[in-house]
Amino acid sequence: MTETRTETDSIGAIEVPASAYWGAQTQRSLENFPFPTHQRMPIQIVHAQAAVKQAAARVNRKHGLDDDLATAIDAAAMKIRAGDYDDQFPLTIFQTGSGTQTNMNVNEVIAGIANEKLVGLKGGKKPVHPNDHVNKSQSSNDSFPTALHIAVVLEAYQTLMPAIDALYSALDRKARSFADIVKIGRTHAQDATPLTLGQEFSGYAAQIASCKTRIKVSLDQDLRVLAIGGTAVGTGLNAPEGWREDMVAMLSQISGQQFRAAENSFAQLAAKDGLISFSGTLNTLAVALNKIANDIRLLASGPRSGLGELTLPANEPGSSIMPGKVNPTQVEMLTMVAAQVIGNHHVATIGGMQGQFELNTFMPIIGANVLHSLELLSVGITSFAHRCIEGIEANEDRIAELVERSLMLVTALAPEVGYDDAAKIAKHALENGQTLKEAALALDLVDPETFDRLVRPDKMV
């Protein structure tokens, strides 16, 4: 039998494992929402909630909180942010939509750590009370969305931005190294006019750069805005004058990122438009990554029976039955990541629709899905850049062969002979298995010198 101690809340008494720092409300949540451990609240949100509590302890000291209690809360919250107590936060994403259980989990664990430090007894409500002291001047309704914004901003700058920069750099280097390789373009998956392989890769790099700009703009406009100080419904009830501004300044100092108070607390509590907007930028990134990865998959198809214009790094064997087969596994990984991120955005969007009156009640699943997307994108993009893009090589012989065989080089003749006659040349060449030059001469539509002067792929890019 596991040893327990008795904790209480407004519902009554409940037994809590003696080894746990949490209290009654956390225990009730564990029992009421018995989802598997992989559905736990992301630890980034817990750490961000601890930052809110640490800032509150410092600000509340100015507004009358006992100095010893404030110091103990501050120290406990700092240890939680450092990851020292991650095992004390077992609650699921699927809980009350305001994140109240997670807010109380953090409040209770901080109180438990502080009380053990002050009086040698783990848990409990004396001398540090989870509501009266740790949660002082706050509500779950403003502290939890504040934690979501902080967690997402920190995760984006610590993991996603470096990953995007690595992918952009890898694509840009390939664009420059492939600058002189002329290849056939394709539109509608059909032959089109030429371009260079470098130009093609420059388009991929530009897509990634644009995605980074969108993400940064959303972070700055949407997520550096904090709901803290709005308390239960946006009126700021039980928060002293100046508390909101002091909290934002303290959270900026603690987190190392600049935040600002919401101009309208009612909107920040009632809606999660900022998080949905940010999730949309991740969705757009996923769409761009899927396009880039699928292009590379097709350009590298083969090695002998496909396009075969690119050679990808051979990272692992590709088949359990076909010897020597190598698959584009990094491409497949990244496109699956893109699919999951797009799915996460769909869930977040549905969550964003669930604001009724003064509160959105899908906050845990919105925050969890956005953070899941950030994690997947960060790992997937970094791996794709390092294990795929950096090792791509151009098959110049195959590229040249396909350029030579393309019928769409005839486009360069159109200004000379007209669109209709140029089309006749292309169709004649296709039907008779001829080159464009052979067809043009056979139809007596252009002389050899004119053809050679105009149909020069290297001058068509």
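Predicted model: local features only at pLDDT ≥ 70, side-chain atom pairs only at ≥ 80, totals over all residues.
1. Helix H2 with helix H3. Two packed helices are described by the angle between their axes and the distance between the axes. For H2 (residues 43–62) and H3 (residues 67–81), the angle is about 160° and the axes lie 8 Å apart. Angles over 145 degrees count as roughly antiparallel, so H2 is roughly antiparallel to H3. The crossing of H2 past H3 is left-handed.

2. Residues between H2 and H3. On the H2 side, the contact is made by Val46, His47, Ala50, Ala51, Lys53, Gln54, Ala57, Arg58 and Arg61. H3 contributes Asp67, Ala70, Thr71, Ile73, Asp74, Ala77, Met78, Ile80 and Arg81. Sorted by class, this contact holds nine nonpolar, three polar and six charged residues.

3. Helix H3 with helix H4. The axes of H3 and H4 (residues 100–119) come within 9 Å and cross at roughly 120°. The two helices are therefore oblique to each other, and their crossing is right-handed. From H3 the contact takes Leu69, Ala72, Ile73, Ala76, Ala77 and Ile80. From H4 it takes Val109, Ile110, Ile113, Ala114 and Leu118. This contact has 11 nonpolar residues, with no polar and no charged ones. Ile73, Ala77 and Ile80 of H3 take part in the contact with H2 and also in the contact with H4.

4. The largest pocket. Its volume is about 450 Å³. There are 24 lining residues, and those closest to the pocket centre are Ala300, Pro303, Leu312, Val326 and Asn327. Strand E7 (310–311) and helix H11 (329–352) each supply at least two residues of the lining. H11 gives the largest share, three residues. By class, the lining has 10 nonpolar, 10 polar and four charged residues.

5. Cis peptide bonds. Most residues other than glycine have a negative phi, and most peptide bonds are trans. The bond joining Gly302 and Pro303 is cis, with omega about 10°. Pro303 sits in the loop between helix H10 (273–299) and E7, and this proline is among the residues closest to the centre of the largest pocket. A cis peptide bond also joins Lys126 and Pro127, with omega about 0°. Pro127 belongs to the loop between H4 and helix H5 (130–134).

6. A positive phi. Ser137, a residue other than glycine, has a positive phi near 70°. Ser137 is located in the loop between H5 and helix H6 (140–177).

Conventions
Residues numbered from 1 in each chain as written. Heavy atoms only, no water. Axes fitted to C-alpha atoms, helices over the stretch in contact; angles between N-to-C directions. Helix = DSSP H or I, 4+ residues; strand = E, 2+ residues; numbered from the N terminus. Parallel < 35°, antiparallel > 145°, perpendicular 65-115°, else oblique. Left-handed = near helix turned anticlockwise from the far one by under 90°. Contact = heavy atoms within 4.5 Å. Nonpolar A, V, L, I, M, F, W, Y, C, P; charged D, E, K, R; others polar. 1 Å grid on protein atoms, 1.4 Å probe; cavity = no way out; pocket = protein on both sides within 12 Å on 5 of 7 lines; lining within 4 Å. Points joined across faces, edges and corners; volume = space filled by probe spheres on them.
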